[in-house]
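Visitor: I have a structure open and would like a quick tour. Can we take it step by step?

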Amino acid sequence: MTYKPVSRKAPARVEFPIRRTLPCLILLIACSAMLAQNPGASPAAAGGSSVRATHILGLQGVSKSAGGNLSIEGDALKFQKTEGAAAQVPISSIQDVSLGVEDRQVGGVPLAVGRAATPYAGGRVIGLFSHKKYDTLTLEYLDADGGLHGAIFEISKGQAEGFKDALVAKGAHVKVEGQTAAASTPEVKK
Amino acid sequence: MKTNKLLFAAFMLTAFLAYSLSMSAQAANPKSGKSSGAPQWSVQVDKVDPGDVILESAFRVAIYENLLDEMAKTKRFKQVFRSGDHHAADVPDLLILKTTVQKYTAGSETRRTVTTVSGATKLKVSSQLTTKDGKVVLEKVVDGNVRFFGGNLRATHNLAHNIGTQIKESTLPPPNPATAEGSIERTMEASAGSVSTSEMDVR
């Protein structure tokens, strides 16, 4: 009795790219969805006078995108970087505090590369799941020479309102309210 | 085989010649706008005026802060002052940079990622350099957009960078008040890609 050798790989060759990319795609979507969750939001921090924040720009002596802890200590607003020195702003010098809502993609460069490398436009599907909403806290304050400064912080969604209230209670001035709706304005022309 | 070697050598020689020619051309045309020991203006960056446009405060503040950075980077000014700085009052040769928002289109990073063609954040501002007594020295309309990569606030960085580039490439009148009434450059339309500049004398 003779047996003819039969190649088992031959029929599977057509399905190979799909078999290989589908698990990768599912894994990427799952990872991005997990990243889009809100790990920093703790119920204790919400509405309190200390929140986790990312400095976007404006604070003297603090680099852009620096992570840290934003807190009210005495009569000053303090941003303590995760590693490094702290920066302080006297609350009495704050001229305006305003809130906003932004939406951004998570995962940084690694996920962006993953999205670009995903075949069959799978990166777009990942993009649908890998975004996160966050609050922005914008401060305008004066320095000792009277110069106007502006600082923007990114705070986990839902925490900025309580922090703003705490700042106002400590004596920070507020000029305008309710400008967060501007984000949804489609187009405004002069 | 020998022909291939000859072709390769000829290609390398051509590439070397082209490179050396481009380098010498760059050396012959130094960048305009660099200070040459002449008296310099100082600049005070004014608060961003949102005009009639509803603009989030984060954008307004980001434009202001990015403008301060970019003005320092141009190296056209002796000192850069913030709005309201008391020291600016004592400076004789001071220009004030006024920025008024003309148009703002809110974008979305997610829409940009998913669709590529939509979701762009667009900003268009009128930027004026004026003297203390309100004389307009330079006026330009500048865009700052984010079309593909980056967050929405990146539009403010691009906008400030474009304003800085415009100022760097412009000819400012000398700070001496006697000659300051010379040429006033006025550009009605200038965008990131194409810049049109026209000069006119104001007496």
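Visitor: Which residue in β7(A) does Tyr141(A) stand opposite?
Guide: This is a predicted model, so keep that in mind throughout. Find β7(A) and look across from Tyr141(A). The residue standing opposite in β7(A) is His149(A).

Visitor: How many bridges join β6(A) to β7(A)?
Guide: The two strands run antiparallel. Tyr134(A) shows one pairing, with Ser156(A) of β7(A) as its bridge partner. The number of bridges joining β6(A) to β7(A) is 9.

Visitor: Which residue in the turn between β6(A) and β7(A) has a positive phi?
Guide: The two strands form a hairpin, with 5 residues between them. One residue in the turn has a phi of about 90°. That residue is Gly146(A).

Visitor: Over how many bridges do β1(A) and β7(A) pair?
Guide: β1(A) also pairs with β7(A) in the antiparallel sense. His55(A) has Phe153(A) as its bridge partner in β7(A). The pairing of β1(A) and β7(A) runs over 4 bridges.

Visitor: Is β7(A) mostly covered or mostly open?
Guide: Count the buried residues of the strand. A residue is buried if 20 or more other C-beta atoms lie within 10 Å of its own. In β7(A), 9 of 9 residues are buried, so by that definition the strand is mostly covered.

Visitor: Which strands stand at the edges of the sheet in chain A?
Guide: The open sheet has 7 strands in the order β4-β3-β2-β1-β7-β6-β5, with antiparallel pairing. Each edge strand has a single partner, so one side of each is left without a neighbour in the sheet. The edge strands are β4(A) and β5(A).

Visitor: What is the average twist from one strand to the next?
Guide: Stay with the open sheet, made of 7 strands of chain A. Step from one strand to the next. The twist averages 35°.

Visitor: Which helix of chain B packs on this sheet?
Guide: Chain A packs its own helix α4(A) there, at about 170° to the direction of β5(A). The helix from chain B touches β1, β5, β6 and β7 of chain A, and its direction makes about 130° with that of β7(A). The helix is α2(B).

Visitor: Which element gives the most to the side of chain A that touches chain B?
Guide: Between the chains, 33 residues of chain A are in contact with 33 of chain B. On the chain A side there are 10 nonpolar, 14 polar and 9 charged residues. The top contributor gives 6 residues, and it is β5(A).

Visitor: How far apart are the axes of α2(B) and α4(B)?
Guide: These two helices of chain B pack at an angle of about 35°, and the crossing is right-handed. The axes of α2(B) and α4(B) are 8 Å apart.

Visitor: What arc do the buried residues of α3(A) cover?
Guide: The buried residues are Gly123(A), Ile126(A) and Gly127(A).

Visitor: How many helices and strands does chain A have?
Guide: Read along the sequence, the pattern is α-β-β-β-β-β-α-α-β-β-α-β. Of the 190 residues in chain A, 29% count as buried. Chain A has 4 helices and 8 strands.

Definitions and conventions:
Residues numbered from 1 in each chain as written. Chains lettered and ligands numbered in written order. Predicted model: local features only at pLDDT ≥ 70, side-chain atom pairs only at ≥ 80, totals over all residues. Buried ≥ 20, exposed ≤ 12 C-beta atoms within 10 Å, placed from the backbone. Axes fitted to C-alpha atoms, helices over the stretch in contact; angles between N-to-C directions. Left-handed = near helix turned anticlockwise from the far one by under 90°. Contact = placed C-beta atoms within 7 Å. Nonpolar A, V, L, I, M, F, W, Y, C, P; charged D, E, K, R; others polar. Pairing = 2+ DSSP bridges.
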